[in-house]
Amino acid sequence: MKRKFGVDISYSVAWRGREYAYENLRLGTPEQSYSLLPGYLHMLRETNPGTVVNLEVGEQDRFKYLFIAFDASIKGFQYCRPVVSIDATHMKGKYRGVLFMAVCHDANQQIFPLAFGIGDSENDAAWTWFLRRIKDVFGERPGHVIVSDRHRSINNAVKEVFPNAFHGIYMYHLLNNLKNKFKTKTKELEQHYIQTAKAYNLQEFHVLFYTLCCAVPGAKEYLERVGLDRWTRSHSPSRRYNIMTTNISESMNAALVKVRELPITAFVNEIRLLCQRWFFERRNKAKDFTSKMSKDVEKKLEKRRDRAQIMDIRYADEYNFDVIDGDQNFCVDMALWTCTCGKFQLDQLPCGMCWLL
């Protein structure tokens, strides 16, 4: 202060001034913010019809849990793939707490926020409460997949609330566990593991998994004990599409990292502003689309079409074809919409082999 403004004040006076300024910018003190929350949530529902808000209080009317799902998220989820990524991160305000999040991808591979929750900590009760609210609002769709880390409370809550949904785990979360357990952090291990996890078909998986297990003795038993279906694309009983990593949740965390220290009402308002901006910008961009496909899908199909130019095709009958790609041979059945490469079935997009037909 003295160097910049020529004012000589003590540290305590500067601190009190800082706190006073923060109170005005952040809708009051942390204590006042909790008092403002019910009124704010009421106005949120009034001005955004269809938005679902659940505020639960405990003894002496003290804050316990909060759940918010905006109307745009509720309506938009029916057009998204039913693969939901859930995660939690610690808040940094005076009373701490945990922010719970559920997100998925929209048709353009962008983060699509579904719901937010705030609770005391990552425990069985909080996760179960949050997932119950999600099920009440969004339901459970055919082929429903929930992806998360291996937190014990998440496992328990998913089993209780979504017993029919497939519960996969983040690829990189298990990779870190693998590195720590076997005391190895080589690039070779990471490369073998990622290729194995992302393999589209069983033949490719077995070759890569054998290489991985040879590189890390003991990894085979550990990974099979975790469950091959939970971390690999080829063994998953439900389609995970491309949600194999924590990127989608980590990106949501990064978007909110600077506001997690705000008092609760100001923090919730920042979440609203972020979602409002995203939905507005994406709606305007979507108006300019001339294709029925999103820009992301168009780019993927263009790459696969270019790749298909160097492949050879041999016809078996009206619906079945053999496609030769270098030293690999794939069979395409257009009647069943399948290809032995696995991409057609798992991505629900034509693979390079199908572009030839």
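These legends accompany close-up views of a predicted model.

**View 1. The largest pocket and the residues that line it.** In this predicted model, the largest pocket has a volume of about 610 Å³, and 22 residues form its lining. Of these lining residues, Asp 106, Phe 112, Arg 282, Arg 283 and Ala 286 lie nearest the centre of the pocket. Helices α4 (71-76) and α13 (264-286) each supply at least two residues of the lining, and it is α13 that gives the largest share, namely six residues. When the lining of the largest pocket is sorted by class, ten residues are nonpolar, five are polar and seven are charged.

**View 2. The second largest pocket and the elements around it.** The second largest pocket holds about 490 Å³ of space and is lined by 19 residues, among which Asn 201, Gln 328, Phe 330, Cys 341 and Met 353 lie nearest its centre. By class, the lining of the second largest pocket is made up of seven nonpolar, six polar and six charged residues.

View 3. The antiparallel pairing of β10 with β11 runs over two bridges, and Thr 338 in β11 is the bridge partner of Asp 333.

**View 4. The largest cavity.** The model contains five cavities of 30 Å³ or more, and the largest cavity, shown here, has a volume of about 110 Å³. Its lining comprises 13 residues, of which Tyr 34, Gly 93, Leu 262, Pro 263 and Ile 264 lie nearest the centre of the cavity. Eight of the lining residues of the largest cavity are nonpolar, one is polar and four are charged.

**View 5. Asp 71 and its contacts.** Asp 71 is placed in helix α4, a helix that supplies at least two residues of the lining of the largest pocket. With a relative accessible area of 14%, Asp 71 is buried, since that value lies under the 20% limit. When its neighbours within four places in sequence are left aside, the residues in contact with Asp 71 are Asn 48, Pro 49, Gly 50 and Thr 51.

**View 6. Cysteines without disulfides.** The count of disulfides in the model comes to zero. Cys 80 is in no disulfide, and the nearest cysteine sulfur, that of Cys 104, is 3.9 Å away, whereas a disulfide requires the two sulfur atoms to be within 2.5 Å. For Cys 275, which is likewise in no disulfide, the nearest cysteine sulfur is again that of Cys 104, at 12 Å. Cys 80 is buried, with a relative accessible area of 6%, and Cys 275, at 2% relative accessibility, also counts as buried.

Methods. Residues numbered from 1 in each chain as written. Predicted model: local features only at pLDDT ≥ 70, side-chain atom pairs only at ≥ 80, totals over all residues. Heavy atoms only, no water. 1 Å grid on protein atoms, 1.4 Å probe; cavity = no way out; pocket = protein on both sides within 12 Å on 5 of 7 lines; lining within 4 Å. Points joined across faces, edges and corners; volume = space filled by probe spheres on them. Helix = DSSP H or I, 4+ residues; strand = E, 2+ residues; numbered from the N terminus. Nonpolar A, V, L, I, M, F, W, Y, C, P; charged D, E, K, R; others polar. Buried < 20%, exposed > 50% of the residue type's maximum accessible area, 1.4 Å probe, protein only. Contact = heavy atoms within 4.5 Å. Pairing = 2+ DSSP bridges.
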